[in-house]
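User: I'm new to reading protein structures and would like to learn how labels get attached to residues. Could you take me through some of them?

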Amino acid sequence: MPTPEPSRILATQQDGVLLLGLNHPPLNTLDHALRQQLYEALQAAAQDASVQAIVLHGAGGNFSAGADIREFGQPRQPPWAGDVAQLIEASAKPVVAALQGVALGGGLELALAAHARIGAADARLGLPEVKLGLLPGGGGTQRLPRLIGAAAALPLMLEGRDVDGNAAQALGLLDEVCDKAALLDAAVRRARAMLDGARPSRPGTDGEAGKQAGLAAIAAQRERLAAKPHALPAQRLLLDCIQAALEQPLEAGLQFERQAFLQCVASPEHRGLAHAFFAEKLAGKSPAGQARPRPVQKVGVVGGGTMGAGIAVAMLDAGLDVVLIERDAASLQAGQDRIGGVYQRQQDKGKLSAEARARRLARLSAATDYAALADADLIVEAVFEDMDVKSQVYAELDRVCRPGAILATNTSYLDINELARRISRPQDVIGLHFFSPANVMKLLEIVVPEQVSDDVVATSFALARRLGKVPVRAGVCDGFIGNRILYVYREAANYMMEDGASPYQIDQALERFGYAMGPFRTADLTGGDIGWATRKRKAATRPPEARYVRVADRLCERGWFGQKTGRGYYRYPERGQRGQHDPEVLALIDEERAARGIEARAFSDEDIVRRYMAALVNEASKVLEDGIALRPADIDTALVNGYGFPRWRGGPMKYADDVGLPAIVADLESYAKEDAAFWAPSALLRRLAREGAAFGKLNQPQ
Ligand code: 3HC
Ligand code: NAI
């Protein structure tokens with residue numbers, strides 16, 4: 001016989017107060033069973049004469065992470081979170097919510113309906129629905145503005161930001177903050193104190209001044225969203241809901257919210273964002289099974305250039321001790337200045353206090369002597385992208401580091417298997433591929449060479465979590481997951497440019513698709529010189545039959561590296577400007593076409609997107625075939641977090657599934673008539689299309 005599921009609600013009584021503990025570990029998500037049982041427990045409490053008041057809390061460290069997102073794809077059954085909230089609010093017996101751990105989304109909405117709220121100082125309170133393309137649908141859009149004022153409630157909901165207990169109290173979201181250990185006792189005390197009728201009453205409106213401030217904030221945000229090409233429907237609807245909270249009675253506002261919420265649930269944007277959420281969870285699981293991570297507290301960073309400095313900041317921000325190593329005193333000073341500069345800018349913008357900056361910098365030390373790495377637990381090498389230079393650094397690390405220290409490299413393209421083979425401890429070598437700026441960008445590719453030991457892989461995943469990064473496991477090849485795929489779809493863009501589309505049209509088409517920046521604008525931002533140097537290095541090994549577009553080289557020959565030189569594909573007469581079209585660039589492209597005997601042809605914006613995406617999906621499919629990525633979800637996660645792919649589309653593999661794989665194969669086959677070597681569909685893509693399958697299927701455990 002199957003064991004019955006444990007009850008989702010744990011009920012105990014203390015002093016006439018009924019404690020209802022949400023019990024659905026680890027996060028007490030509000031699935032149907034929990035909602036149903038809580039609803040019934042509240043109804044029973046209303047009838048039970050021995051119950052005078054109710055405390056709602058989360059058993060097991062968290063209050064609740066909100067609705068169970070998996071249920072949104074299925075027909076949902078009442079009671080809704082909003083029904084439970086209404087029952088709480090209508091209770092004749094006082095209800096106090098005791099919040100610890102996370103109290104998010106529908107979880108916080110239950111608490112908002114309670115008659116008082118107490119929270120632990122380190123609790124995380126918020127309404128993050130917008131990040132999933134939703135809006136609070138359990139009464140939050142109506143009750144939060146009534147509780148703390150619309151002007152304060154609006155940014156919390158629109159950004160989906162969470163706040164800790166103290167900040168929540170300052171906002172008026174919590175009535176009391178207390179120590180976690182004392183939370184339940186304090187909640188019981190407060191519930192009893194409310195028996196005398198001392199219940200905070202809801203003002204029902206925001207007051208006239210508050211209402212005007214709220215309406216002004218809504219109008220300002222409406223204008224901001226109107227200027228954004230890809231504002232989510234949820235964001236616009238959220239503003240409508242907050243306006244309803246200001247202008248309508250609670251009951252009507254709740255009805256309005258319900259309809260808006262259902263619209264969001266049905267939107268493709270919600271499906272894309274929910275896909276991205278679960279893809280990240282999947283990608284974030286260490287493939288090293290049960291292997292235990294090694295402890296890490298002291299980190300060495302070798303090379304204090306663009307990447308090394310950013311990596312050092314990411315480590316310091318996470319509370320780790322960092323020792324920076326450079327090749328000479330001047331470079332060391334430059335590296336330290338880069339790190340100091342990052343913190344100075346954060347302080348200038350008011351994002352970091354002087355004390356916090358000092359605390360972080362106190363954990364940084366610097367040396368030119370590798371002996372300073374003798375007791376480091378993990379070293380990240382970020383020196384020049386050159387095998388000989390890196391090999392020399394690794395020989396030094398092999399000599400000075402303690403046994404068991406992890407030797408990570410931030411290389412973008414080099415063969416990490418080869419690097420590992422050259423030292424006496426290949427089992428400790430791994431790739432940690434950060435993205436620029438390393439303290440900001442979320443993606444961390446964890447590149448797993450042949451001989452690495454499982455606990456090094458497990459440590460890397462644990463470290464990523466500590467750094468707040470989104471890890472993705474990648475195999476060793478030229479460019480790993482992201483850069484390998486990037487190379488191919490960038491080539492597709494170059495081909496289209498040479499065949500007749502202007503870089504400006506290509507950028508615009510892809511920006512309309514959802515990229516914040518098209519490929520040529522991005523090239524101007526990152527600087528053409530780095531790619532130029534790589535192309536020159538690889539020129540000798542380039543297959544002679546492969547098509548090679550020379551436009552980028554011709555720009556670089558003129559010293560047009562992009563924003564930093566004032567010219568690239570665009571002109572930048574003033575620093576920080578968005579860039580203007582450049583007739584000289586168009587003339588240069590015409591010259592290249594003429595030299596190759598290419599007749600310019602017209603591309604529609606749709607053609608551009610289809611070619612770009614077909615190239616992307618095809619290479620991604622080869623990356624899967626080769627085992628460089630384990631699952632389509634890993635590719636979605638990498639491209640969304642490191643390459644600007646629009647998150648609300650879920651990722652390129654999700655996009656391919658939405659379009660349908662047969663359509664992508666048909667496109668590839670038609671383009672292959674022009675250039676078979678570049679466009680031939682991958683075997684995996686062809687097989688899935690033939691079977692009527694989708695990439696999504698490969699995300700499930702086989
Ligand atoms: N629904 C379903 N599953 C959820 C979930 C949710 N709301 N939140 C987390 N999970 C799952 C994760 O997928 C993961 O599952 P797995 O172990 O099978 O991979 C497991 O719970 C643990 O999650 P994390 O690894 O993310 O745990 P962390 O401790 O790192 O983070 C968290 C916890 C900050 C709560 C994070 O999980 C999170 O941000 N969750 C989403 C919260 C959210 O968006 N809530 C709003 C939901 S929508 C809503 O409430 C609508 C309402 O208005 C009606
Ligand atoms: P960079 O040129 O800005 O910095 C390299 C630093 O290494 C310099 O400060 C140099 O003095 C130092 N260095 C060189 N030899 C050294 C040695 N023997 N010992 C100690 N320090 C030494 O280069 P960047 O851009 O920071 O790149 C570093 C690595 O990160 C490369 O492998 C690159 O491929 C990779 N990478 C770069 C990205 C980027 O966007 N710039 C993104 C991801 C990875």
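This is a predicted model: local features need pLDDT of at least 70, side-chain atom pairs count only at pLDDT 80 or more; totals for chains, interfaces and linings use all residues.

User: Why is K285 called exposed?

Analyst: K285 has 54% relative accessibility. You will find K285 in the loop between α11 (268-283) and β10 (298-302). Together with R70, K281 and R465, K285 forms a positive surface patch.

User: And why is A216 called partly exposed?

Analyst: The relative accessible area of A216 is 47%. Buried needs under 20% and exposed needs over 50%, with partly exposed in between, so A216 belongs to the middle class. A216 sits in helix α8 (residues 208-226).

User: What makes the contact of D377 and R402 a salt bridge?

Analyst: Their side chains meet at 2.8 Å, N to O. The cut-off is within 4 Å, so the pair qualifies. D377 is in the loop between β12 (364-367) and β13 (378-381), while R402 is in the loop between α15 (387-400) and β14 (406-409), so the bridge ties together parts that are 25 residues apart in sequence.

User: How do you know whether D377 and R402 are buried or partly exposed?

Analyst: Take each value in turn. D377 has a relative accessible area of 14%, and buried means under 20%, so D377 is buried. R402 comes to 28%, which lies between the 20% and 50% limits, so R402 is partly exposed.

User: What makes E592 and R554 a salt bridge, and which helices hold them?

Analyst: The distance is 2.7 Å, N to O. That is within 4 Å, so this pair passes too. E592 lies in helix α23 and R554 in helix α22, so parts 38 residues apart in sequence are tied together. E592 is buried at 2% relative accessible area, whereas R554 is partly exposed at 21%. A search of the whole structure finds 48 salt bridges.

User: Why is the pair of F513 and F645 called edge-to-face?

Analyst: Two values decide this. The ring centres are 5.9 Å apart, and rings pair within 6.5 Å, so F513 and F645 count as a pair.

Note on methods: Residues are numbered from 1 along each chain as its sequence is written. Chains are lettered from A and ligands numbered from 1 in the order in which they are written. Side-chain values use heavy atoms; hydrogens and water are left out. Patches are made of residues with over 30% relative accessible area and no salt bridge: like charges are joined within 9 Å, nonpolar side chains (Val, Leu, Ile, Met, Phe, Trp, Tyr) within 5 Å. Accessible areas come from the Shrake-Rupley method with a 1.4 Å probe; for residues, only the protein chains shown count as cover. Lys and Arg count as positive and Asp and Glu as negative; His and the chain ends are not counted. The place of a charge is taken as NZ of Lys, CZ of Arg, CG of Asp or CD of Glu. Helices (H or I, at least four residues) and strands (E, at least two) are DSSP runs, numbered from the N terminus. Buried means under 20% relative accessible area, exposed over 50%, partly exposed in between (1.4 Å probe, protein chains only). Rings of Phe, Tyr and Trp (its six-membered ring) pair if their centres lie within 6.5 Å; planes under 30 degrees apart count as stacked, over 60 as edge-to-face and the rest as tilted.
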